[in-house]
Each structure stands twice: as structure tokens, then as C-alpha cells.
Amino acid sequence: MAKRTYTYEPKCVDEIIIRPFAFEFLDDLDPVWVPDNPYRSHLFNGLSLTIPYLEPYLMKSTKRAMAHISEPELLKDMRGFNGQEGLHYQCHRRLNELLKANGYPELAAVEQRLAESYNRLSQKSLRTQLAYNAGFETMTNGFTHWLINKRTRLFRGASPHVSSFWLMHMVEETEHKTVAFDAYMAYSGKYLPRAFGMFHGPLHVLRFGLVGMFTALKEDKLLSRRRHLMSALREILSMTFHVGPYLLRGLLPWHNPRCEGDPQWMKDWVAGHATLPAGALLPLVDTNSAEMPVPFAAAQIKQ
Ligand SMILES: [Fe+2]
Ligand SMILES: [Fe+2]
């Protein structure tokens with residue numbers, strides 16, 4: 001592909017920091033980790049199922065793209081992106097193993113389909129892959145704002161381990177929100193393939209996430225009545241309502257993720273994490289709190 005002129009622009013965060021995901025999930029973790037809400041629990045569990053297939057694929061295509069990019073700042077971001085995604089998927093894999101062991105072995109069949117699908121996606125052109133990645137990461141930014149801004153509604157009383165893990169993952173997604181977009185713009189920059197990726201990436205991941213969700217709900221015998229389906233639909237619509245506007249903005253020809261602001265809670269989390277001693281376990285968000293502040297004392301004092 002002919003090289004286009006690309007100029008790197010400064011991003012919102014100074015540096016993409018690779019942090020250990022020092023969570024210790026309990027062996028008897030209840031897959032219905034949002035109390036009395038198997039629908040929301042399984043929606044997030046279904047999405048978690050996709051990550052150990054999605055993120056290694058993102059890393060591979062990002063690495064391939066690095067061979068075509070010369071901008072040192074962007075190359076540094078891409079290394080940071082791969083470093084973060086590499087730790088995300090390993091932690092999701094640990095969580096997913098517990099979900100299967102603790103009542104949902106049939107999720108393994110969904111994982112098999114995911115492996116095959118990402119294998120096929122890896123055969124596509126690099127431009128298609130980078131557009132997919134940019135589209136997926138645009139959706140992720142919507143997830144970040146949804147999960148962080150609505151955390152007290154989504155995770156009230158829920159497992160502090162799983163809630164804290166999802167929130168930390170989303171904080172880091174925001175930190176690297178410009179990278180997949182920049183990689184696409186540096187490699188191609190053409191609008192139409194990027195617009196296609198805005199559907200391709202998100203719909204592909206959501207489809208498998210919902211297959212995982214409904215596989216678990218079927219196991220729970222929660223698909224047999226209309227009210228069950230309505231409860232599942234309510235969670236899916238809530239996700240669509242909160243994340244959809246990010247995808248619509250992502251379709252604008254002048255879209256640039258730099259223009260999307262970051263939640264204050266994310267900035268406080270990053271500042272608080274910097275005060276943690278090396279090797280410390282990650283402190284957990286208090287899901288019984290009405291505010292659910294960031295779980296770092298120093299950052300809370302500063303607020
Ligand atoms: Fe990630
Ligand atoms: Fe990401």
C-alpha cells in the first residue's frame with residue numbers, strides 16, 4: 001500500500017502505562033456476580049469470553065502494522081497498547097476459566113467458535129484488520145464512559161473483584177483510546193474502510209458476547225418466559241443506548257478519539273494507582289458505597 005502523509009498529534013495522556021493486573025479472583029467466584037441480576041452478569045461474562053481471542057488478535061495486527069509505520073511517538077504508543085492488551089486478556093482468561101468451572105462448561109463451545117472466527121479475521125488484509133481495530137476501540141471508549149459514569153447503578157453490591165477488574169480494564173482502554181485509530185490513519189486513512197470497520201469490529205464482538213450471554217442464560221433456564229427475555233433485552237438496550245452515540249460519532253469523517261474527554265474518575269484512578277507500592281495487590285472498589293470512589297486513599301484525600 002502506498003504510504004500516505006501522516007502527522008502524529010499529541011494525545012490526552014502523557015504515557016500509556018503497563019500495570020500488572022494483580023487481582024486474585026476467588027476460586028468459588030459466583031458467575032452471577034451482580035446480585036439478583038443474572039442478565040447483566042451474563043452480558044458482561046459473554047463479553048469477557050471474547051477478550052482472550054480478540055485482544056491477542058489486536059496485538060498481532062498492531063505488531064504487523066508497526067513494520068509500516070515510522071513515527072516514533074506512534075510506535076511507542078503501539079508498544080504500550082500491546083503491553084496493556086497483553087495483560088488484559090490474560091486476566092480475562094483467568095476469569096473465564098472460573099466461569100466455566102463454576103457452572104457454565106458450555107461456554108467452551110463459544111470459545112471454539114471465537115478461535116475459528118479470529119483465525120479467519122487474521123487472514124484478511126491489514127487495512128481491514130486495522131479498520132476493525134479502530135472501530136472496536138471506538139466502541140470500547142463508549143464502554144469506558146458507561147461503566148465508569150454509571151458504576152453505582154451497574155455494580156452496586158456486585159462482586160468487588162469482578163467490578164474492580166472491569167473498571168480497571170476500562171481505565172486502561174481510555175488511556176490507549178487513540179492508538180488503533182492512529183495506526184489505521186498512519187497506514188491507510190481512507191474513510192470508507194474505516195467506516196466499515198466501525199460496524200465490523202463492534203458488531204463482531206457484540207455478536208459473540210451475546211452468544212455467550214444467551215448460552216449462560218439458557219443454562220440457567222432463563223429464556224423460557226417472556227419476562228426473562230424482557231430482562232435480558234433491557235440490559236442489551238441499556239448497553240446500546242450508552243455506547244451507540246460513540247459509534248455514531250466515530251462514523252463522522254473528521255472523527256478523532258482525542259476529542260473525546262476522559263471521565264474524572266479515570267484520571268483519579270490513574271493518579272491513585274501511581275501511589276501504589278510496587279508488587280501490591282490492587283485495592284478493590286467498594287461496591288457497597290453510594291459513590292464508589294477510586295480505591296486509592298491518596299487519590300481520595302486529594303479530591
Ligand atoms: Fe483491553
Ligand atoms: Fe483496547
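Biologist: How many aromatic pairs does the structure hold?

Modeller: Rings of Phe, Tyr and Trp (its six-membered ring) pair if their centres lie within 6.5 Å; planes under 30 degrees apart are stacked, over 60 edge-to-face, the rest tilted. By that rule the number of aromatic pairs in the structure is 15.

Biologist: What kind of model is this?

Modeller: Residues are numbered from 1 along each chain as its sequence is written, chains are lettered from A and ligands numbered from 1 in the order in which they are written, and side-chain values use heavy atoms, with hydrogens and water left out. Local features need pLDDT of at least 70, side-chain atom pairs count only at pLDDT 80 or more, and totals for chains, interfaces and linings use all residues: this is a predicted model.

Biologist: Which residues coordinate the iron ion (ligand 1)?

Modeller: Donors are N, O and S atoms within 2.8 Å of the metal (3.2 Å for Na, K and Ca); water is not among the atoms, so sites may look incomplete. Here the donors sit at 2.0 to 2.2 Å. They belong to Glu55, Glu85, His88, His169 and Glu173.

Biologist: Which residue bridges the iron ion (ligand 2) and the iron ion (ligand 1)?

Modeller: The two ions lie 3.8 Å apart. The residue that coordinates both is Glu85.

Biologist: Is Glu85 buried or exposed?

Modeller: Buried means under 20% relative accessible area, exposed over 50%, and partly exposed in between (1.4 Å probe, protein chains only). The relative accessibility of Glu85 is 0%. Glu85 therefore counts as buried.

Biologist: Is Glu137 buried or exposed?

Modeller: Glu137 is among the residues that coordinate the iron ion (ligand 2). Its relative accessibility is 3%, so it counts as buried.

Biologist: What is the site of the iron ion (ligand 2) called, given its angles?

Modeller: Four donors are tetrahedral if all angles lie between 85 and 135 degrees; four are square planar and six octahedral if opposite donors are over 155 degrees apart and all others between 65 and 115; anything else is irregular. This site has six donor atoms, with angles of 52 to 147°. The site is irregular.

Biologist: Which helix holds both His169 and Glu173?

Modeller: His169 is buried at 2% relative accessible area, and Glu173 is buried at 2% too. They are four residues apart, about one turn of the helix. Both lie in helix H6.

Biologist: Which residues is Glu111 in contact with, leaving aside its neighbours within four places in sequence?

Modeller: Glu111 is found in helix H3 (residues 107-121) and is buried, at 7% relative accessible area. Contact means heavy atoms within 4.5 Å. The partners of Glu111 are Leu49, Tyr53, Asn96 and Lys100.

How values were computed. Helix = DSSP H or I, 4+ residues; strand = E, 2+ residues; numbered from the N terminus.
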